[in-house]
Amino acid sequence: MDLPSVIVLPLLIVFAAGVYYIYNEVMQLMSKSLVRNKVVVITDAASGVGTESAHIFHKSGARLILCGTSWDKLESLYDSLTNDADPKETYAPKLVILDFSDIDSMDDVVAEMMECYGYVDVLICNSSMKLKAPVQSVSLELDRNIMDINYFGPNTLAKGVLPTMISRRSGHLVLVNSIQGRLAVPFRSSYSASKHAAQAFFDCLRAEVEEYGIAVSVISHTFINVSDLPAVGEPAPKQNTLVAYITNQLTHGVRPSVLANEIMQTVNRKRKEVVLAHPIPRVALYLRSLCPPFLFAVLAAGVKDSVLAEEMQ
């Protein structure tokens with residue numbers, strides 16, 4: 001006897017929801033098994049993305065080395081990770097002070113990292129300094145500072161952990177970059193230049209270290225949407241999965257939790273390149289390759305409109 005269509009549709013929805021739930025559960029179990037016991041370094045760990053990533057990797061049994069510029073914030077993050085954690089299932093994180101604006105300290109930082117476990121399995125370069133300003137107003141000193149944090153810092157740190165990765169013929173370098181490393185936007189000249197430099201460095205590095213079994217990944221995302229983000233040490237509010245997905249699609253930025261999950265998936269699947277962006281930035285990337293004059297005209301028109309709007313205020 002054929003089922004009425006009014007019954008078939010709800011059954012299909014329930015079946016699809018069940019399959020989706022099982023898929024998520026399997027992926028979570030696989031994620032835990034793949035990073036368990038791995039030594040994972042996260043820079044700027046006290047930031048929104050860093051904190052979310054720390055929680056995900058910690059729950060999955062990774063041996064974390066958390067880096068940041070503030071010892072108080074790192075300790076607060078440490079407490080939030082270990083307070084309710086099962087010591088049989090997780091490892092207490094190691095804390096390391098890291099300031100990319102002080103490039104001369106990188107050798108000491110790498111040495112301190114190596115003292116923790118003797119090697120690094122996964123390096124997640126998450127630090128970033130942003131700037132929005134007209135080209136003529138940006139000083140050379142500020143240019144250099146941005147390049148130190150966004151380019152020379154990850155560059156130097158990657159070089160520091162490479163020798164042990166090469167000797168072990170294993171490792172994974174992850175750059176949490178920006179879509180502006182692939183697409184230049186007006187009033188972000190220094191920021192975009194530093195991100196382009198980092199993108200190019202890690203692209204070259206990927207080809208050079210592949211023979212040693214080392215993976216290199218670059219995640220290019222749009223700006224981080226930190227609205228309603230809990231402070232370090234506070235648990236993130238639980239939200240229905242479907243509601244969270246719809247909300248994320250309606251906002252223009254990328255939420256730290258979404259980016260952190262993408263970082264975990266990138267590490268698990270060893271994806272070489274990931275673009276985490278909504279349709280408009282993706283279209284702009286295609287236009288940059290297929291029809292540059294049109295994109296340049298659109299960007300220039302946007303600048304003229306913003307200048308006109310300021311003059312009218």
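The paragraphs that follow move from the whole chain to the sheet and then to one helix.

This is a predicted model, in which local features need pLDDT of at least 70 and side-chain atom pairs count only at pLDDT 80 or more, while totals for chains, interfaces and linings use all residues. Residues are numbered from 1 along each chain as its sequence is written, and side-chain values use heavy atoms, with hydrogens and water left out.

The protein contains ten helices and seven strands; these are DSSP runs numbered from the N terminus, helices being H or I of at least four residues and strands E of at least two. Of its 313 residues, 41% are buried, where buried means under 20% relative accessible area, exposed over 50%, and partly exposed in between, with a 1.4 Å probe and protein chains only. Contacts are heavy atoms within 4.5 Å; among those between residues at least 6 apart in sequence, 73% join residues at least 24 apart.

The seven strands form an open sheet with parallel pairing, in the order S3-S2-S1-S4-S5-S6-S7; two strands pair if DSSP finds at least two bridges between them. Strand S3 (94-97) and strand S7 (273-276) are the edge strands, each pairing on one side only. From one strand to the next, the twist averages 15 degrees. Within the sheet, S5 (residues 171-176) and S6 (residues 214-221) are joined in the parallel sense by six bridges, and Leu175 stands opposite Val218 in S6.

Helices pack on this sheet. Helix H4 (residues 106-117) touches strand S1 (39-42), strand S2 (63-68) and S3, and its direction makes about 170 degrees with that of S3. Helix H8 (residues 256-269) lies across strand S4 (122-125), S5, S6 and S7, at about 155 degrees to S6. For these angles, axes are lines fitted to C-alpha atoms, for helices over the stretch in contact, and values run from 0 to 180 degrees between N-to-C directions.

How is H4 placed against its surroundings? Its buried residues pack against S1, S2, S3 and helix H5 (140-168). Met106, Val109, Val110, Met113 and Met114 are buried in H4. Seen down the helix axis, the buried residues of H4 fall within an arc of 135 degrees, so they line one face; the arc is that of the directions from the helix axis to the C-beta atoms. On the other side of H4, Asp107, Asp108 and Glu115 are exposed. After H4 comes Gly118, whose phi is positive, near 95 degrees.
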